[in-house]
Amino acid sequence: MTVESTAAARKPRRASKRTSAAKKPQSAEPQLVQLLTPEGERVEHPDYSIDLSADELRGLYRDMVLTRRFDAEATALQRQGELGLWASLLGQEAAQIGSGRALRDDDYVFPTYREHGVAWCRGVDPTNLLGMFRGVNHGGWDPNSNNFHLYTIVIGSQTLHATGYAMGVAKDGADSAVIAYFGDGASSQGDVAESFTFSAVYNAPVVFFCQNNQWAISEPTERQTRVPLYQRAQGFGFPGVRVDGNDVLACLAVTRSALERARRGEGPTLVEAFTYRMGAHTTSDDPTKYRADEERAAWEAKDPILRLRAYLEKEKFADDAFFTALDAESETLGKRVREAVRAMPDPDPMALFEHGYADGNSLVDEERAQFAAYQASFVDSAEEGK
Amino acid sequence: MAVEKMSIAKALNESLRLALDSDPKVLIMGEDVGKLGGVFRITDGLQKDFGEERVIDTPLAESGIVGTAIGLALRGYRPVVEIQFDGFVFPAYDQIVTQLAKMHARALGKVKLPVVVRIPYGGGIGAVEHHSESPEALFAHVAGLKVVSPSNASDAYWMMQQAVQSDDPVIFFEPKRRYWDKGEVDTEAIPGPLHRAVTVREGSDLTLVAYGPMVKVCLEAAEAAQEEGKSIEVLDLRSMSPIDFDAIQASAEKTGRVVVVHEAPVFYGSGAEIAARITERCFYHLEAPVLRVGGYHVPYPPARLEDEYLPGLDRVLDAVDRSLAY
């Protein structure tokens, strides 16, 4: 594990002696771990190497393209009134696919509500993610089928669940790892700080994967922190590293390394994936109120999908037939998702009373019976109306 | 029969020991629960016998304790966490209410959260601020949680066994001022259901409903009333969520008068819920409105004032008189 980027950030800055360090946020941006430049040039990094076959590279590209296509379809479905809300991952495909593909099947994921790309990597059917955004459930998948926990909406809470789960993994003597996703906004939450403390003192096999997408709804990262986020780890006693979050190869390499470290029993790592939320926070948000178009345009030039495509084409790792076939696959996925959402039935009213308790509850039983009787009281009039 | 006389504190300790012994997935977590055995010594000696991997001293962060307990439960463990005092539970309130209570339903039943949150609660020990509160209604109001409180050593022993075995999260309120009260515990008994109320004194004129530390006060009040020729029934609720309304109703229909007693503030307290439900269930059996005796709508007072704040014998008897006067 490197502290190279930490060291770089600690290089003394030229500043007036009278300027207190606390007065101003650090302006010198630390270096990112990068293996693929925005132009699609493959570069080496002293601490993180990666050697992928053409097939694997095409796989990562396919994952990102299909995830983006699914995400676009979900946004459209919200606009059509089929979903109540959607939280787009647009721009964060490399961070999610890179980290998601670093995981083993027996690793466990604790996501936020925006981890659609990670869900894809875990084999969670995209249509399952849409149930909660349509309002038919609060999460329709079995977390243990794919070792992918339910989306967590309250910001940062899941980092503690991930830490506890990782403590359990260590108790079991297993060599799997746990990954907790969160964002720059969550970094201000007490639960995230507590998860750093607990994971450090118990040496829990957990990777904290922070997608710093620069915006917590309308608040920029500067409103959350005065130091680069990955540097927070140092104070808790474990390494932190900042990776180019729009570089799928770097995200894969850095996450793999952090997971391996966890498996070796060396404890947690904080990975800060430096990326950008290209879209709105959710479909209810209006980013034109708080950020400039120029900023988005600058990040467009660093698009995670375009840079991998440039590399694939330059190195002739993929031909036209591949891209054409992928376009068709994308459209098929969009169609499948569209049809699945439209066919998603509303839950039965009696489902209200299901799953509140595992061992049952006399009050719920009483209320269920009252509700059933109330519902039944409409049957006669409905029959009469026929 | 293995009947032993022991304090509530000892009964809890023995029960936790049995839980650790009978299921390797049971863990104890909390601040100072290890070497020290907790500030009330409820976990005394457990770390020595079961090791640091099972009886875990945690960092001083309540949200972290409950949040990591949730993660451990998702991994298949059954954590029993200790919150040191009632007033310290609120940093963990978010994890309890938004995560622990709701996760089973969120997962459509596919995950279980067998977590017990132990909270020593209530006043009467002359403590400083935040050490004497009764926040049970704040938890009973939340769907997905079960909330219980024993009043005696036998219940402490058996209700803890049942709470640990429950696949639902249980908030286990321990009446801290009664920790040292002794009672008989039959460790080979077959306990009744966890959420069933128990009639601890039969009577025919009025029903006192209480739980936790107030059961003793109500029994004393019933004894005193007896001397005046009044026959008071005392119902130990044991569970504040769910509530055994059938038992209260049966008693109310017999006596026609109900007074609910708890240390927690009366306003929005469990007495309000009981009064409403009993009125709905047996309006025509009631000879008087359901009365409530409890704390006032003020922050818990300094220790030198707590005797005025807490329901004592006289305030319970005053309510009994008011009810009988209808």
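This is a predicted model: local features need pLDDT of at least 70, side-chain atom pairs count only at pLDDT 80 or more; totals for chains, interfaces and linings use all residues.
**Domains of chain B.** Residues are numbered from 1 along each chain as its sequence is written, while chains are lettered from A and ligands numbered from 1 in the order in which they are written.

Where they touch, domain 1 of chain B gives 24 residues and domain 2 of chain B gives 21 residues (contact: C-beta atoms, placed from the backbone, within 7 Å). On the domain 1 side, at least two residues each come from helix 6 (136-140), strand 6 (146-148), helix 7 (153-165) and strand 7 (170-175) of chain B. Helices here are DSSP runs of H or I with at least four residues, strands are runs of E with at least two, and both are numbered from the N terminus. I noted the make-up of that domain 1 side as ten nonpolar, eight polar and six charged residues. For these classes, Ala, Val, Leu, Ile, Met, Phe, Trp, Tyr, Cys and Pro are nonpolar, Asp, Glu, Lys and Arg are charged, and the others, Gly among them, are polar.

**Chain B against chain A.** I then checked the chain contact, which takes 34 residues from chain B and 35 residues from chain A. Helix 3 (62-74), helix 4 (93-100) and helix 5 (103-106) of chain B are the elements giving two or more residues to the chain B side.

**Strand 2 of chain B.** Last, I went to strand 2 (residues 26-30) of chain B, where five of the five residues are buried, so the strand is largely enclosed by the rest of the structure. Buried means 20 or more other C-beta atoms within 10 Å of the residue's own, with C-beta atoms placed from the backbone. B:Val26, B:Ile28 and B:Gly30 sit on one side, B:Leu27 and B:Met29 on the other.

I followed its pairing too (at least two DSSP bridges between two strands). Strand 2 of chain B runs parallel to strand 4 (residues 78-82) of chain B over five bridges, with B:Pro79 as the bridge partner of B:Leu27. Strand 3 (residues 55-57) of chain B also pairs with strand 2 of chain B in the parallel sense, over three bridges, and there B:Ile56 stands opposite B:Met29.

Technical notes
Two residues are in contact if their C-beta atoms, placed from the backbone, lie within 7 Å. A residue is buried if 20 or more other C-beta atoms lie within 10 Å of its own, exposed if 12 or fewer, and partly exposed in between; C-beta atoms are placed from the backbone.
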